[in-house]
Amino acid sequence: ENVPYITTTYGRIEPGHAMNEFYGYVAQGVFHNQKEVDDYEATVKSGDFQAAPGRIRYKDLNGDGVIDANDRQYIGSPYAKFNYGFNLSANFMGFDASVFFSGVYGNKIFNEDIKYSELNLFASNFNTRVLDAWTPANPNSNLAALQETLTNDEGRTSTYFVESGSYLKIKSIQIGYTIPKRVHGIKNIRFYLQGENLFTFTKYTGMDPESVNTSPLNKGVDFQGMLYPHSKSINFGLNLNF
């Protein structure tokens, strides 16, 4: 049987697109007030979700006036346009320093953690971002209102969860000093201080844009219940040459 595409949990596998490219609804923030809901429903029927202040607003992509499965499209590729890295080093009067940078550009991450830490899908710890979630007293927020049950299936795959995965990370910094003369028969003594994963520059709101799923069917999905961020570390060392 000639199947035009294969549906996966977060995307599709289809000729002409990246492997398991994310596929879903286009979210346009949330409804801030009842007037926005009324204006929306004057031309678009909610379909299988309930439009209300504080709820996610979905775009009617095909213009048929109903929000349903036909209003989905490709919403981001988990594959970076390019990966890069570079190293800088210098030496001066016994001191030495080196810095290693690495990063990626142009990929998207499906931040699955938002479902569990902001939408109350399960009884779990919340992200501090929920302190700015929509409420009647905070109507201009673009974060969905908290609710006890997801009656609108707002955990569905949509751009609400898709974020830029581009980042620049300082993977390693090392600073050292070598004593310039023999000490008690030791030819060379070098002290050094080294840090790993100290700084990450990114717009991604999750814990670590580098620590996401790499399996083909879940590539680019970040669910920290199963994945752990790269840890920061600082080490002190001593090298001796006899």
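**Note on the strand pairing and a nonpolar surface patch**

1. Strands β12 and β14 run antiparallel and are joined by 9 bridges, a pairing that I take as the starting point of this note on what is a predicted model. Within that pairing, Glu-196 stands opposite Ser-233 of β14.

2. On its pairing with β11, which spans residues 167-179, β12 is again antiparallel, here over 12 bridges.

3. The surface carries a nonpolar patch formed by Phe-191, Leu-193, Ile-234, Phe-236, Leu-238, Leu-240 and Phe-242, which together have about 760 Å² of accessible area. The elements that contribute two or more residues to this patch are β12 (188-202) and β14 (233-241), and the largest share, 4 residues, comes from β14. As background to the spacing of such residues, side chains in a regular strand alternate between the two faces of the sheet.

4. Elsewhere, 4 strands form an open sheet with antiparallel pairing, in the order β1-β2-β3-β6. Its edge strands are β1 (6-7) and β6 (72-76), each of which pairs on one side only. Strand β3, residues 21-25, runs antiparallel to β6 and is joined to β6 by 4 bridges, and Phe-22 has Gly-76 as its bridge partner in β6.

Notes: Residues numbered from 1 in each chain as written. Predicted model: local features only at pLDDT ≥ 70, side-chain atom pairs only at ≥ 80, totals over all residues. Heavy atoms only, no water. Patch = residues over 30% accessible without salt bridge, like charges linked within 9 Å, V, L, I, M, F, W, Y side chains within 5 Å. Areas by Shrake-Rupley, 256 points an atom, 1.4 Å probe, with all protein chains shown as cover. Salt bridge = Lys/Arg side-chain N within 4 Å of Asp/Glu carboxyl O. Pairing = 2+ DSSP bridges.
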